[in-house]
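Student: Could we go through this structure together, setting each value against the definition behind it?

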Amino acid sequence: MDTGRSGLATLILLSLVAGWSQGLEILPAPETVKAGDGDSVMLPCRFRVTSADIGPLDIEWSRTPSNLVDSPIIIIDYSGDRVYETQLDDMKGRVHFSSSDPKTGDASLNITRLKSMDSGRYHCKVKKSPGSKTISIKLNVMVRPSKPMCSMEGSQEIGKDVILKCFSEGTPPITYFWSREGSSLPSTAVADITQGTLKVKNATEAYSGNYKCVASNEIDSSQCFAKLAITSSSNNAGRTAGIVIAVLLFLLILAIIIWCLFWRKKKKTYEKEQSYEIREDVPPPKSRVSTARSYTVDSQRSSLGSMSPSNMEPYKTHYDRLATDDLGRLPDHSPTINHSFKEKGQWSEEKSQGYNSMSIV
């Protein structure tokens, strides 16, 4: 009897455990989700409940940072038919449930405008008494390849080796693929898909053309172009000589223009200084009457001093007449000349004659 009772109890317990295990269930989801920076991503978390799950529904999303040192942080949760948004500054406005009513069985999480710092492991925990389930999804936010930089190394001459280079930044690994527009790659070309180089050996004119490099990683790709123009060495020499001559002509013209501007400025400065120069050695102008008289008298005196007594007579008469004319040019409004003035005039004439006689002697 006791054995029968214990067997019945075990059967009932197994039935209850089986019922619980068949209650709350989260559907399978990918372990890793990859997305590009700036994109939007959905982390799936769908569940099923049965009539055995009678407790309130509670959904919680948390994140473990990529450094695996910090503890998981709750970013959003659903409890009591209400959504509680994240309080993290770097995720505000970018995290929300995919469904407007998560209790319908969809607790998936949407993250918009992804950043590289959003990478990490996310945990979806669904609780409904007596069941509780949790799944983890790793989010890997990848940086798209930047626009590559195409360049060349080596001489683009016939018979030389030329290396085409391509470089891009982004989440590794980045692979590089070279191609030539309108034709296949040269038979002597060797490509390195990890370093982004294309080495063209023993180049010929037939290898000329536009080459394209495509840099790609798991989420995106970008491209750049390089133009290869293989020529003979004589053409390169002529091109170099033309460039040198053009540069020399430009420098010569520039030097002439600078010299002309300098000379013009110097000339204007000199003319301006000449117009304002004050000549201190020029005496002030004299009146016309006094200047003429001074010139006549001085010239006559100079002539008298160099002539002999026999030639003095004509000049003496002329000098006396000049003195008399000066007295006759007095202004009309002056008072009548008195006797003293006449005496002074006579004294002046006598003094003048005395000077003449002294010169003659």
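Tutor: Cys-166 and Cys-213 form a disulfide in which the sulfur atoms lie 2.1 Å apart. This is a predicted model, in which local features need pLDDT of at least 70 and side-chain atom pairs count only at pLDDT 80 or more, while totals for chains, interfaces and linings use all residues. Residues are numbered from 1 along each chain as its sequence is written, and side-chain values use heavy atoms, with hydrogens and water left out.

Student: What makes Cys-166 and Cys-213 a disulfide?

Tutor: A disulfide is a pair of cysteine sulfur atoms within 2.5 Å, and the sulfur atoms of Cys-166 and Cys-213 are 2.1 Å apart, so the pair counts as one. Cys-166 lies in strand 13 (residues 162-167) and Cys-213 in strand 17 (residues 209-216), so the link ties together parts that are 47 residues apart in sequence; strands here are DSSP runs of E with at least two residues, and helices are runs of H or I with at least four, both numbered from the N terminus.

Student: How do you know whether Cys-150 and Cys-224 are buried or partly exposed?

Tutor: Buried means under 20% relative accessible area, exposed over 50%, and partly exposed in between, with a 1.4 Å probe and protein chains only. Cys-150 has a relative accessible area of 23% and is therefore partly exposed, whereas Cys-224, at 5%, counts as buried. These two cysteines also form a disulfide, with their sulfur atoms 1.8 Å apart, and 70° about the S-S bond makes the link right-handed.

Student: Why does Cys-124 count as buried?

Tutor: Its relative accessibility is 0%, so Cys-124 falls under the 20% limit. A disulfide joins Cys-124 to Cys-45, and Cys-45 is likewise buried, at 1% relative accessibility.

Student: What makes a set of residues a nonpolar core, and which residues have the most contacts inside the largest one?

Tutor: A nonpolar core is a set of buried Ala, Val, Leu, Ile, Met, Phe, Trp, Tyr and Cys residues joined through side-chain atoms within 4.5 Å. The largest has 29 residues, and those with the most contacts inside it include Leu-43, Trp-61 and Ile-111. Its largest share, 4 residues, comes from strand 11.

Student: Why is Val-244 called partly exposed?

Tutor: Its relative accessible area is 44%, so Val-244 lies between the 20% and 50% limits. The place of Val-244 is in helix 2 (residues 233-275).
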